[in-house]
Amino acid sequence: MTGTTAGRTDPATPRLPAWRAPAAARGNALPAGAWWLWALGLATAASRTTNPLLLGLLVGVAGYVVAARRTDAPWARSYGMFIRIGLFVIGVRLLFSVVLGSPIPGTHTLFTLPEVPLPDWAKGVRIGGRVTAEQLLFALYDGAKLAALLICVGAANSLANPARLLKSLPGALYEAGVAVVVAMTFAPNMVADVLRLRTARRLRGRPTGGVRAVLQIGLPVLEGALERSVAVAASMDARGYGRTARVPAAVRHTTNVLTLGGLLGVCAGTYGLLAAEGAGYGVPLLVAGLAAAMAGLRLGGARSVRTRYRPDRWGARAWLVAGSGAAVAAVMIWAGHADPAALHPGVVPLVAPVLPLWPAAAVLLGLLPAVVAPVPPSPTGFEEQV
């Protein structure tokens, strides 16, 4: 054995500088909330622009961080699925633009489809007809915006441990959080079961494709999923899940009013920030809504009698990761007001998009987690130490 032993460090092993990211362990793992705040910051930035160069840069930043810091856990393999979903969204958006037309005027006709005659009550809607380069480019920009937003959210799914995220939830949301965690981990575990069964069939010389193979694999996968669900339900019941403390009725009503009012304020404030006309009232509503919602969740947590084992602690690295995503979102929102033409390139007339320097430099701040986040262990890490 080389490296470290219990309670002792090999003198020959060089110490890493303080700025270098340490190896990931149970004690220094980043809270899942930090990864989600980072990813939501990138997603907010993607929602503020249709410039394909900036959107591609955002996707590249998210992909690089995922490649550098994801683990071998089942949920960490979901990033590729989100990329495929994003490409599917772009394809569907282009298909709808071709078949259903677009209000974008254009002069560069690519081809013309047979137009289906519609009754008078369907004026303004057409099926088929002339397809222009301008409308396809507009549909491509619009689809790329939604695809980039989905891919940024997929990065959080690949980096954040759902079970660790459950630890950070307030007590009032614990029961809903358990349902969300079970739903988030069901699909990755099912995919892992499918891959395991297909590998076993391949080693036995049996076919892995076709309808018959899918039917033979599907039954064990569903059986395993059912067994896991029963085991989770039994373990939750053994741990006293669902038991609540008695609180006065006035506290319950106050909790409901604060939580519901706060969430409505958050929704209205978020809409104001995303809309071009509501920037003035968006921030106050968002802040007031967050304050009311947090107060309601704080009161609602009095009903929970659970305790937390090894709660996640927010250190300097967690704040740097979350702050980098917030900085990207803040600069992109500011750039949308300072130079909206750079973030939303026109399609009439057809012009090539230009990469704005300041927003592009801000997007690169999203690479900070690839430097400061703890490095996950490699699959061959144990073999290298033995």
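This is a predicted model: local features need pLDDT of at least 70, side-chain atom pairs count only at pLDDT 80 or more; totals for chains, interfaces and linings use all residues.
**The whole chain**

Display the entire chain as a cartoon. The chain holds 14 helices and four strands. Of its 386 residues, 34% are buried. Consider next the contacts between residues at least 6 apart in sequence: 78% of these join residues at least 24 apart.

**First stop: helices α1 and α2**

Select residues 32–47, which form helix α1, together with residues 52–69, which form helix α2. The two axes lie 9 Å apart, and the helices pack at an angle of about 165 degrees. This angle is over the 145-degree limit, and α1 and α2 are therefore roughly antiparallel to each other. The crossing of α1 past α2 is left-handed.

Now show the side chains where these helices touch. On the α1 side, select Trp 35, Trp 38, Leu 42, Ala 45 and Ala 46. On the α2 side, select Leu 55, Leu 58, Val 61, Ala 62, Val 65 and Arg 69. Sorted by class, this contact comprises ten nonpolar residues, one charged residue and no polar residues.

**Second stop: helices α2 and α4**

The axes of α2 and α4 come within 10 Å of each other and cross at roughly 15 degrees. Because this is below the 35-degree limit, α2 and α4 are roughly parallel to each other. Here too the crossing is described as left-handed, with α2 passing α4.

To see the contact itself, select Pro 52, Leu 55, Val 59, Ala 62, Val 65, Val 66 and Arg 69 in α2. Their counterparts in α4 are Tyr 141, Ala 144, Lys 145, Ala 148, Ile 151, Ala 155, Ser 158 and Leu 159. The residues of this contact divide into twelve nonpolar, one polar and two charged. Leu 55, Ala 62, Val 65 and Arg 69 of α2 take part both in the contact with α1 and in the contact with α4.

Beyond its neighbours within four places in sequence, Gln 135 is in contact with Ser 97, Val 98, Gly 101, Ser 102, Ile 104, Arg 126 and Arg 130.

Select Ser 97 next, in helix α3, which spans residues 79–100. Ser 97 is likewise buried, with a relative accessible area of 1%. Leaving out residues up to four places away in sequence, Ser 97 touches Ser 102, Gln 135, Leu 136 and Ala 139.

**Last stop: Glu 134**

Return to helix α4 and select Glu 134. At 2% relative accessibility, Glu 134 counts as buried. Which residues does Glu 134 contact, leaving aside its neighbours within four places in sequence? They are Ile 104, Pro 105, Gly 106, Thr 107, His 108, Val 347, Val 348 and Leu 350. To finish, select Gly 346 and display its C-alpha atom together with that of Glu 134. The two residues are 212 residues apart along the chain, yet their C-alpha atoms are separated by 9.3 Å.

Notes: Residues are numbered from 1 along each chain as its sequence is written. Side-chain values use heavy atoms; hydrogens and water are left out. Axes are lines fitted to C-alpha atoms, for helices over the stretch in contact, and angles run from 0 to 180 degrees between N-to-C directions. Helices (H or I, at least four residues) and strands (E, at least two) are DSSP runs, numbered from the N terminus. Angles under 35 degrees count as roughly parallel, over 145 as roughly antiparallel, 65 to 115 as roughly perpendicular and the rest as oblique. A crossing is left-handed if the near helix is turned anticlockwise from the far one by less than a right angle, and right-handed if clockwise. Contact means heavy atoms within 4.5 Å. Ala, Val, Leu, Ile, Met, Phe, Trp, Tyr, Cys and Pro count as nonpolar, Asp, Glu, Lys and Arg as charged, and the others, Gly among them, as polar. Buried means under 20% relative accessible area, exposed over 50%, partly exposed in between (1.4 Å probe, protein chains only).
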